[in-house]
Amino acid sequence: MSFAIEVPGEAAPLSLFELGKALELASTSTDHAQRQSAGQQLQAWESNQDFFPGLQSIFLDKSIRHEIRFLAIILLKNGIDKYWRHTARHAIKPAEKHLIRSRLLQGSIDEEERTLSLHNALVVAKIVRVDYPSEWPDALRNIIGATRASKNGNPGHLSGALLVLLRVVKELGTARLRTSQTALQSVTPEMVQLLGEIYTEKTTYWQDFFTKGSGDEDDADYAMQNSLTALKILRRLVTIGYEQPHNDSMVQGFWSLSQTQFDQFLTGISYESWIPVPFQDLVGKHLIQFTKLHIDMCEMHPASFPALPNSIPLTKAYWSLVKDFSDVFEKSGGIKETPKGTSGGNPKHEGPLSEKLALKGLLLLRCCIATAYRPSQTFKYKSPEVKKQEKEAVHIIKTQLLTNELLLDIVRVIISKLFIFRKSDLEAWEEDPETWESQERNEGQAFEWAVRPCAERLLVDLLTYYKELGQPLLTYCELATKVEMDIVTKEAAYCALGCAAPIVQEAFDFDRFLNATLVKDVQIKDSMAKLLRRRISILLSQWIPIRISQPGRLVVYDIFRHLLQANNPHNDEVVRITAARQFKWIADDFEFVGEAFVPYAADFFNLLISLLQEVENDETKLAILETVRVIVNRMDSHIAPFGDAIMTVLPKLWESAAAEEYMMKQSILTIMTALVASMRADSQRYQGAIIPLLAEAMNPESALHLHLIEESVDLWKTVMMQSASPLIPKLTQLVALALPLLEYDSEVASQCLEIVKNYILLAPREILSDGFRRPTLAALAKTLDSNSRGQNKYGAQALELVIRVAEEIGGTQGVSIVVQDMLDSGLLRELLERLHSAWESSQTTGPKRKPSKINSMKESDYFAILARVALADPAIFATMLGSFGSLETVWAWLSPQWFSNFDSMADIDRQKLSCLALTRLWELPSPMQELVLARLQDYLSMWTTVAMELRDSGDNPLVLDTLVWEESPGNDWDTPLDVHERQFARKDPIHRVYAYDFVRTRLEDLVRRAGGEQAFEAGWAVNVDKEILLGFQQLSLPPQQRDQ
């Protein structure tokens, strides 16, 4: 079938024919504009009814071209992810789902093209994961039935059915919902029995064909493929489909069969193989599946593994396989990792099958050691019987497998044979130095697919739990490191010595070895010298954190400086990259002394930056920059002489990095952060170079914004901490980029809020200017609505700072302008409305109680803002209250709520703030004078409580106010911001005014204005409880006379 090719018009109606045309254009047209237009049309149709059933119909039509069908199934697969769940926007309708499900199996079983069959199987698996068992309870029954029906029929149909079953089992095997796990386990026995029959039948068929010549070659090929797929499913089912696999007879039988056939198939790939060469690859894949079965069982069911038939002899047989391979390891071609394909997925590993099997043997041994010494931790309930089985499994592995004889044999083979640097390793080194170095590094994942790194991990495991193995290993290393030993042997010994460092540190004099041996070895001039130089870098990074003297460190610095020299012919790219990467651990060691490193720093920075400009791999560049960052950070203030040189290079590196190399720019920002923090106030001279980078990274329209925002904000915050007032104009202008971020509930928003607070402190005049004042208040107002308690609290504190700096700079007029802006923006109205809702809530009880819009902590934040206004100028506060109604009406509900909130103020600073603010209202004439006197009992209670809280109840009871600060000298670690913040805080009435004296002065003044003491007592004090009045009166007595 063919569709006419024409560009679809705008909003073309969806029909099967139009859908086919769009798919043909999108998949086969050579015109880019047509392909793009068709893609946009397909995307527009995604929300239309019948779009996804239409895609399935086109896919199932075998008369349509392969490219069109392939695009149809890809779009259907992607659509399942986006629209299948009922909670999705434009979710697929139930009727459409039913239609799609009814035709799913047909798309794989009747499909000859394996690629199309595979993608349809992926669609089935995705749908089963969502719908099984709730929406599609018979899904697995249908798949099992289709598999059973094709068991003895068309092998192509069986292949399609098995492919679907494989993908479904893989998908359900990763499910975390207990219902999905239980549903899979409920049908596992039936599937294991069916697949066991298929596997046995197909394996027998192709074995008979190769040994007896019976049957057809094409059928034998199909049988091999189907037996392999069945084996893939079986090895997953027996590990994820049973809680205790060793108790199931079918699992026991399959486990025994895997061992028997493992031996049989091994002979099928030997030199005297009974299997033709073209088919040996498939047999090898069967063997790999057996190894995965054995390893998965040990990892996922450590209690079942030793209890299954012949598991201990099986593991020993694996070691024999490894031991046999070790004899030819030096000549083996090695396993190479190929990158992921365009369709994604895991990278592939290509190499000799014997080496892959040996690797699996090492991995199985690591699993057994983990079972014995690192049992998995889980919150899942374990019955006493299960705990007993686990203990028995550990005992079996320790006593029957990990015997002293086997352990010594493993150590001997690893260090004498598997650590040998091979010709194939050297070829891979020289073919792609950067990639090879990255894969081989200690932190890499090469141990999962390469023998030598895996052997290193296994040796570390053994030495960790069997420390007695350290002595024979040390004896071998001392023998192998003699001068006359060849470089390859010495390199292997150094590898072992590095692995054993934590174990043999007491018995091995590393300082003597460093000066007597390593210094000479690093200067060897030989065609293979680069092997030893690379290993020495790694060895030093393994030993330095464990044991070395300070004089020895200087020798190590000399060695690394020597290894980083590009003009030395024996320091090739791998040697220098390894040295650069490993020096990070030298510099990051706890005993690294920045002052001692000063004589070496200039050379190191020059060599590292030079190497950085040579390499191409992004990961390598990041590793080098990370080493630079660690050096800068650990040198602390001693970095100052080199700051200019570093800051000359970093902006150039930033400019040279491509737009998409955001990780490189992240590293540059982190180095700048470390440099600014280390140089402290001296770093202010670099702000001119830093600010353009910050402006670019923080620009929301920049492509780098999302990638660099965390590092940018961290640098920005550090720059502000090391800045002194007044700020340079360019730095002040940056505040506009922080304000939009304050409303989010994230760590970045919290840091931006801290930055804005610092701007208020360091650049108060600029923040209060017409250009920044209102945007700052509006942004801070949004923090009060945040779901983050931290944002609420610190946002309120920032608003307090704005009021304080307005008072300090502009006096009454400054406060008046800020308050008017708060009124105009609606901030104060919103604040008072929420406080009113809290008051209304407190006035009602029972099931019909009105809920409060805010909690008590937010109330305290709001009252702190109001308190700052009242403390700055009570008249402005009263005028502000009057703008929301009559002063009497607002005060009638606001004052009781404010006084009651004192019980929720955990911070004594806030209690004193509100106390001072409310007390300042006593300065006002009528009508406020009568309003505050009406609350005299609340005032007296508040004054007494706060005054007693502020008095020192410890060593010095004569101290009347613990929040009043005396002059205190700073310390060497104070940043310029710390100094300014402390000076500004000392001006705060909270830390400057004695609360009791403050209260007494205003109380005496109001008593005088009320007509004197007699009139005051007769008119107002008479209404106060005697206990409260007595408590306040006792505040004026010496401590020893109170309560007498």
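Which residues does Leu866 touch, not counting residues up to four places away in sequence?

A: Before the list, a word on the ground rules. This is a predicted model, so local features need pLDDT of at least 70 and side-chain atom pairs count only at pLDDT 80 or more, while totals for chains, interfaces and linings use all residues. Numbering runs from 1 along each chain as its sequence is written, and side-chain values use heavy atoms, with hydrogens and water left out.

Now the spot itself. Leu866 touches Leu828, Leu831, Leu832, Leu835, Phe877, Met880, Leu894 and Trp898, leaving aside residues up to four places away in sequence; contact here means heavy atoms within 4.5 Å. Leu866 and one of those partners, Leu894, touch the most other members of the largest nonpolar core, which has 339 residues. A nonpolar core is a set of buried Ala, Val, Leu, Ile, Met, Phe, Trp, Tyr and Cys residues joined through side-chain atoms within 4.5 Å, and buried means under 20% relative accessible area, with exposed over 50% and partly exposed in between (1.4 Å probe, protein chains only). As background, nonpolar side chains tend to be buried together in soluble globular proteins.

Thr812 belongs to helix α39 (residues 789-824); helices are DSSP runs (H or I, at least four residues), numbered from the N terminus, and strands are E runs of at least two. Thr812 is partly exposed because its relative accessibility is 48%. Beyond residues up to four places away, Thr812 touches Asp873 and Ile876.

The C-alpha atoms of Gln181 and Ala1018 lie 80 Å apart, at 837 residues' distance along the chain.

If you want a helix that's tucked away, look at α20 (residues 451-465). With 15 residues, α20 reaches 21 Å from first C-alpha to last, close to the 21 Å expected at 1.5 Å a residue; that expected span is 1.5 Å times one less than the number of residues. Eleven of the 15 residues in α20 are buried, so α20 is largely enclosed by the rest of the structure. Among them are Arg452, Glu456 and Asp461, along with Leu458, Leu459, Leu462 and Leu463.

On cysteines: the structure holds zero disulfides, a disulfide being a pair of cysteine sulfur atoms within 2.5 Å. The sulfur of Cys298 has its closest cysteine sulfur in Cys368, at 4.0 Å, too far for a bond. For Cys495, the closest is in Cys499, at 4.7 Å, also too far for a bond. Cys298 is buried at 2% relative accessible area, and Cys495 is buried at 1%.

How far to trust all this? The chain averages a pLDDT of 88, and 94% of the residues score at least 70; pLDDT is the predictor's confidence in each residue, from 0 to 100. Over residues 1-10 the pLDDT is below 50, and beyond near neighbours in sequence that stretch has 25 contacts in the model.
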